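Me: I'd like to go through this model with you before I set anything up. Could you take my questions one at a time?

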Amino acid sequence: MLKAPENFIDPAGARTVFAEARRGRRDFLRGALAGAASAAGAARAQTPADGEPQILQLPAHSTGLGKPVASDGYGKPSLHEANVQRRPSPGLTQTPQASVSFAPLQSLFGIVTPSGLHFERHHQGWWDIDPAQHRLMVNGSDDKLLKRPMVFTLDELMRLPSVSRFHFIECGANTGMEWGNVAVPTVQYTHGMLSCSEFTGVPLRTLLELCGVDFKRARFVLGEGADGSGMTRTLPMALVESGEVLVAYGQNGEMLRPENGYPLRLVVPGVQGVSWIKYLRRIEVGDQPWGTKDEAIHYIDLLPDGTHRQYSSTQECKSVVTTPSGGQVLLQKGFHSISGLAWSGRGAVQRVDVSVDGGRQWRQARLQTPVLSKCLTRFSLDWVWDGQPALIQSRATDSTGHVQPGYRALRAARGTRSIYHNNAIQTWWVQESGEVRNVQLA
Ligand SMILES: Nc1nc2c(c(=O)[nH]1)N[C@H]1C(S)=C(S)[C@@H](COP(=O)(O)O)O[C@H]1N2
Ligand SMILES: [Mo]
């Protein structure tokens, strides 16, 4: 369970994060330019005094032999990109097994999250399960609901017709630390429980058809994971019947990563991450919701009147500017490309508006194709920074017409004591110094 927001990050940790974020791509560029300048200086110093023409000093990589093919059977990122890491948050949880690591959204391009940078959320640690031993059982709460209970091996599942689709996954607790006040410095920590992949698998509907499910009677589906967390979630059958819910084994063209549920996970497009059961070992169909621990007492929304809302599982329309974002520094006045991500659990992103003055005036951003349903969409807007303080915001609208709310509207409806489903407009304050900070406008 997540602790109260004030325990989220200790002051020392916050400083570390801030310093690391500032040693990001932009500072790297500044360093590289400084390096090039001093190399040129060194070359001049070596110019012989007798007026011989200056000889260009070629670097080793232009004159020597490079590394052979397949030196790294499985390729790794450049050593110069070592700063791009998913990061845990010191003090967020009591153990690193029941915890979160956040995706470095500020360093990513386009819409796909590289598998090694996909956020992680485990309730009881991750496992690298032997696929030859793994089984998926499909059964009914009683035999009227499902004629033929079956147990599938992975080989059997992989022989069935598969589909590949791009979808985002967002933990319901994403941005959960910011309900009451600003709590964390960077977009990695405000919005990094969000990732997007191409998933490959078999529609759950196909498996239920094979098992002879009575779709009229069986109105709910339970997914159960094989790890020690006893993760079980109820899904409405309508979602499964739509064909969108997948029993997935593939992620970005290869098998799922162990941290993301290898060898099998549920993909439940548009629904909060907790329903995307990893290490999926059992599907049960029933005629009513199960009310398991992870839906009766966790993943519920505390409303201002003191009541709890259950099963609010759709991830509503949301967006965030990733460049510039908290912890980054604008080095110069002039042209900057504002860029970010928008998404909705109800369909496709229809438009994104961007403000640089805290929401007084809005300009429509460009949406980069593809714009897919229940998938991240990349947006951008040209901006000339005049060196004055700026308040940068993005506001998404989805294909159902739902407009992302500001904090005032969201808090009026939901209060300030929730953890889950915070889709408020994010504000980044660009200071005169160029430093960017996380702020909230009342
Ligand atoms: N078996 C199992 N499935 C699970 C979980 C878990 O701890 N165990 N965590 C859930 C939660 S809360 C989220 S947000 C997503 C996170 O998926 P990821 O780790 O691939 O990002 O998996 C969900 N499925
Ligand atoms: Mo989650």
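Me: Where does Leu105 lie?

Reply: Leu105 lies in the loop between strand 2 (99-102) and strand 3, where strands are DSSP runs of E with at least two residues and helices are runs of H or I with at least four, both numbered from the N terminus. Before going further, please note that this is a predicted model, in which local features need pLDDT of at least 70 and side-chain atom pairs count only at pLDDT 80 or more, while totals for chains, interfaces and linings use all residues. Residues are numbered from 1 along each chain as its sequence is written, chains are lettered from A and ligands numbered from 1 in the order in which they are written, and side-chain values use heavy atoms, with hydrogens and water left out.

Me: OK, and is Leu105 buried or exposed?

Reply: Leu105 is buried, because its relative accessible area is 3%, and buried means under 20%, exposed over 50% and partly exposed in between, with a 1.4 Å probe and protein chains only.

Me: How far is Leu105 from Val321, C-alpha to C-alpha?

Reply: Their C-alpha atoms are separated by 9.6 Å, although Leu105 and Val321 are 216 residues apart along the chain.

Me: Switching to the ligand, which residues come nearest to ligand 1?

Reply: Phe119, His123, Asp227, Asn260 and Lys278 come nearest, out of 22 residues around ligand 1; a residue is counted as near if one of its heavy atoms lies within 4 Å of the molecule.

Me: Which polar atoms lie 2.8 Å from an oxygen atom of ligand 1?

Reply: A polar backbone atom of His123 is 2.8 Å from an oxygen atom of ligand 1, and a polar side-chain atom of Asn260 lies 2.8 Å from an oxygen atom of the ligand as well. On the nitrogen side, a polar side-chain atom of Asp227 lies 2.6 Å from a nitrogen atom of ligand 1.

Me: How much of ligand 1 does the protein cover?

Reply: The protein covers 100% of the 530 Å² of accessible area that ligand 1 has on its own, with areas taken from the Shrake-Rupley method with a 1.4 Å probe. The space that ligand 1 takes is the largest cavity, a cavity being a set of points, on a 1 Å grid over the protein atoms alone, where a 1.4 Å probe fits but cannot get out; a molecule sits in one if more than half of its atoms lie within 2 Å of its grid points.

Me: Which strand gives the most to the shell, and what is the shell's make-up?

Reply: Strand 3 (residues 120-122) gives the most, with three residues. The shell divides into nine nonpolar, seven polar and six charged residues, where Asp, Glu, Lys and Arg count as charged, Ala, Val, Leu, Ile, Met, Phe, Trp, Tyr, Cys and Pro as nonpolar, and the others, Gly among them, as polar.

Me: Back to Asp227: which side chain does it have a polar contact with?

Reply: The side chains of Asp227 and Ser229 are joined by a polar contact of 2.9 Å, that is, a pair of N or O atoms within 3.5 Å, of which, within protein, one must be able to donate a hydrogen and the other to accept it, and residues adjacent in sequence count only if both atoms are side-chain atoms. Ser229 is found in the loop between strand 8 (220-225) and strand 9 (232-236), and Ser229 counts as buried because its relative accessible area is 10%.

Me: What about Glu284, which side chain does it contact?

Reply: Glu284, found in strand 13 (residues 280-286), has a polar contact of 2.8 Å with the side chain of Ser141. Glu284 is buried because its relative accessible area is 12%.

Me: Now the backbone: where are there cis peptide bonds?

Reply: One joins Thr323 and Pro324, with omega about 0 degrees, and another joins Thr369 and Pro370, again with omega about 0 degrees. Pro324 is in the loop between strand 16 (318-323) and strand 17 (334-343), whereas Pro370 is found in the loop between strand 20 (366-367) and strand 21 (377-385).

Me: And what is the phi of Asn252 and of His421?

Reply: Asn252 has a positive phi of about 55 degrees although it is not a glycine, and His421, also not a glycine, has a positive phi of about 60 degrees. Asn252 counts as partly exposed because its relative accessibility is 25%, while His421 counts as buried because its value is 11%.

Conventions:
1 Å grid on protein atoms, 1.4 Å probe; cavity = no way out; pocket = protein on both sides within 12 Å on 5 of 7 lines; lining within 4 Å.
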